[in-house]
Amino acid sequence: MTKRVLLIATACTLFIAASCNSKKEKKEEHVKFLITSPIKKDTSITKDYVCNINSFKHIELRALEKGYLKEIHVDEGQLVKKGQKMFNIMPNIYEADLQKAKAEAKVAEIELQNTQLLTDGNVVSKNELAMAKANFDKANAEVSLAQTHLGFTNIRAPFDGIMDHLHAREGSLLDEGELLTTLSDNSKMWVYFNVPEAEYLDYIISTDKETKKEVQLLMANNKKFNQKGIVETIEGEFNNETGNIAFRATFQNPDQILRHGETGSVLMTIPFKDALIIPQKATFEILDKKFVFVVDQDNVVHQTEITVAAELPHLFVIGKGLKLSDKILVDGIRMVKNNEKIEIEFAEPNEVISKLAVYAE
């Protein structure tokens, strides 16, 4: 009796399991896959480029004469004004040279006056007068030259700017051309960033290329600089090693926040008019190529290659491969095969995008 009950229980169990599997298979057969269409709208992306920040004017201040550095009138990091005295090289020798030149010029002047009198009295020829005049002019030139050399011993700021650290100290023996410090005019900054060839071509043939392009600067602390910049120039040649070309943007720097030699990232907004947009989740990759499943009017899926023109958060801007009227599979792309017929449920593109929690202009 017990054996019979056991056989009946086993049979019931197998019947229930078979019934559940049948229901499960039946349920799987009726799975509906979510599809949608691409959406067309104006949008934009922001690209960032690593940049180098340079002062509008950045020069080296060097000794123009040999001698001992007698005085330093400024300090490192100081803001100096145009014409302000910065360094003084011991001028004794040059002062003596100037006095000597002035004395020789006085002698030449007296000789010229005497020769003029003799010429007026027909005692000497006019050639003698011309020679005396030439000697006088030469002596005056020597005075000007000595004054110039003496002036070189006083080094003054050529423009308003901030000086860097000192490369020499008081009492140092300087050679001609020796570096003393550097001076930077930070009233505005030149920011250089490299752009790939393809993006350069898009920029240069765009319809608004004559309009000055505005950019922003992301500083090293990951904060945006408080002034917008203007792309003003593009260098004349590409770098053959990198395939990039340098752009230069100018930023006003009224608060002197930026300094020469800083780094950061230039943020450039690139507009896309009537862009065709799909969710990133609707795509898959095979050997570095991107594909979507396009659903035809008979609900058959077809693997279709696409090219991506730009990437937004959770979205792709499509370059080639899709039309606005196409229907694409959104969910379950790993559950279907190429040329397979499926049951579908259509959702409006705006509804699908809104659930991605992204913003698109």
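Student: Which residues line the second largest pocket?
Tutor: Heads up: this is a predicted model, where local features need pLDDT of at least 70 and side-chain atom pairs 80 or more, while totals for chains, interfaces and linings use all residues. Residues are numbered from 1 along each chain as its sequence is written, and side-chain values use heavy atoms, leaving out hydrogens and water. A pocket is an open set of points on a 1 Å grid where a 1.4 Å probe fits, with protein on both sides within 12 Å along at least five of seven lines, and lining residues have an atom within 4 Å of a point. Here the lining is Tyr94, Asp97, Lys100, Ala101, Glu104, Glu142, Leu145, Ala146 and His149.

Student: Which helix gives the largest share of that lining?
Tutor: Helices are DSSP runs (H or I, at least four residues) and strands are E runs of at least two, numbered from the N terminus. Helix 2 (92–120) and helix 3 (126–151) each bring at least two lining residues. With five residues, the largest share comes from helix 2.

Student: How many lining residues of the second largest pocket are charged?
Tutor: Charged means Asp, Glu, Lys or Arg. The lining of this pocket also has four nonpolar residues and one polar. The charged count is four.

Student: What share of the 361 residues counts as buried?
Tutor: Buried means under 20% relative accessible area, exposed means over 50%, and partly exposed is in between (1.4 Å probe, protein chains only). By that rule, the buried share of the protein chain is 34%.

Student: Where is Leu287, the residue with a positive phi of about 50°?
Tutor: Most residues other than glycine have a negative phi. Leu287 is not a glycine, yet its phi is positive. It counts as exposed because its relative accessibility is 77%. You'll find Leu287 in the loop between strand 14 (283–286) and strand 15 (289–295).

Student: Is Asn299 exposed or partly exposed?
Tutor: Asn299 also has a positive phi, about 65°, without being a glycine. It lies in the loop between strand 15 and strand 16 (301–312). Its relative accessibility is 23%, so Asn299 is partly exposed.

Student: How far apart in space are Thr46 and Ile270, C-alpha to C-alpha?
Tutor: Thr46 is in strand 2, and at 51% relative accessible area it is exposed. Leaving aside neighbours within four places in sequence, Thr46 is in contact with Leu267, Met268 and Thr269. Thr46 and Ile270 are 224 residues apart in sequence, but their C-alpha distance in space is 6.1 Å.

Notes
Contact = heavy atoms within 4.5 Å.
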